Amino acid sequence: LLSMNTNIESRKSREGLPAHARMVFKGVIFEVWQWEQEMFDGTTQIFEKVWRPATVEIIATVGDKILMEEQDQPNRPNNINTPSGRVDEGEDPMDAAKRELLEETGYESDEWSLFLKHSADGKVLHEVHYFIARDCTKTQEPSLDAGEKIETKLVTFEEFIRLTEEPRFWMSPEFINYLLRLQADPNKKEGFRKLLFPRQ
């Protein structure tokens with residue numbers, strides 16, 4: 001059984017939950033939270049939401065290219081994505097992004113910035129942080145988890161923008177929509193290119 005202290009301490013870092021919510025299940029990734037919600041007629045019903053740790057996505061540049069991954073996971077084979085991963089409990093999202101980039105690709109950067117952040121506010125509470133890592137250099141070999149097979153490759157800016165046409169491209173719908181808007185607006189597209197490659 002989950003203790004009262006576990007519920008109180010966990011809820012402090014779970015934005016989007018009422019103060020009186022209780023965690024009723026904790027899995028490897030997901031937590032289920034419930035609370036009594038008063039209805040319009042004065043009765044109460046049990047409401048619930050699922051919380052999962054924040055994740056990070058890294059748009060990493062190497063010279064005039066963007067670093068991508070071709071990745072296999074046991075439950076998700078043959079996909080293309082940016083370096084990414086979960087934020088550990090108590091970990092700063094940028095620190096998580098730097099860790100994931102190094103572990104998955106062996107690359108590091110001295111120039112980081114937060115580019116985009118969005119939060120699911122429906123039944124599943126989940127934050128996604130998008131970071132830009134500019135002028136990356138490879139400093140070591142990747143250190144992959146047992147459930148990862150990753151090969152890195154470099155793509156041009158235009159190839160990156162057009163990954164919306166690639167069925168294996170695994171990114172959030174919010175970011176896919178962002179890339180589609182760039183394709184429809186040359187000025188925004190050029191602004192994004194300059195954001196990634198400010199000195200080119």
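Strands here are DSSP runs of E with at least two residues, numbered from the N terminus. The model is predicted.

**Exercise 1. Find which residues of helix 4 are buried and how they are arranged around the axis.**

Step 1. Check the geometry. Helix 4 covers residues 173–184, twelve residues. From first C-alpha to last it reaches 17 Å, close to the 16 Å expected at 1.5 Å a residue.

Step 2. Pick out the buried positions. These are F175, I176, Y178, L179 and L182.

Step 3. Look down the axis. The buried residues of helix 4 fall within an arc of 155°, so they line one face.

Step 4. Turn to the other side. There P173 and A184 are exposed.

Step 5. Ask what covers the buried residues. The cover includes strand 4 (55–62), strand 9 (111–121), strand 10 (124–134), helix 3 (157–161) and helix 5 (186–196). Strand 9 holds F115, and the contacts of F115 include F175 and Y178.

**Exercise 2. Describe the largest pocket: its volume, its lining and the elements that supply it.**

Step 1. Give the volume. The largest pocket has about 880 Å³.

Step 2. Take the lining. It comprises 37 residues, with R52, T55, R76, G85 and R86 nearest the centre.

Step 3. Name the elements that give two or more residues to this lining. They are strand 4, strand 5 (65–73), strand 6 (76–81), strand 7 (84–86), helix 2 (93–105) and strand 10. Helix 2 gives the largest share, four residues.

Step 4. Eleven residues are nonpolar, eleven are polar and 15 are charged.

**Exercise 3. Work out where N78 and D135 lie and what their phi values are.**

Step 1. Take N78. This residue lies in strand 6. Its phi is positive, about 55°, although N78 is not a glycine. With 46% relative accessibility, N78 counts as partly exposed.

Step 2. Take D135. This residue is in the loop between strand 10 and strand 11 (137–138). Phi of D135 is near 50°, positive in a residue other than glycine. D135 is partly exposed, at 39% relative accessible area.

Note on methods
Residues numbered from 1 in each chain as written. Predicted model: local features only at pLDDT ≥ 70, side-chain atom pairs only at ≥ 80, totals over all residues. Heavy atoms only, no water. Expected span 1.5 Å × (residues − 1). Buried < 20%, exposed > 50% of the residue type's maximum accessible area, 1.4 Å probe, protein only. Arc of directions from axis to C-beta. Contact = heavy atoms within 4.5 Å. 1 Å grid on protein atoms, 1.4 Å probe; cavity = no way out; pocket = protein on both sides within 12 Å on 5 of 7 lines; lining within 4 Å. Points joined across faces, edges and corners; volume = space filled by probe spheres on them. Nonpolar A, V, L, I, M, F, W, Y, C, P; charged D, E, K, R; others polar. Lists of a residue's contacts leave out its neighbours within four places in sequence.
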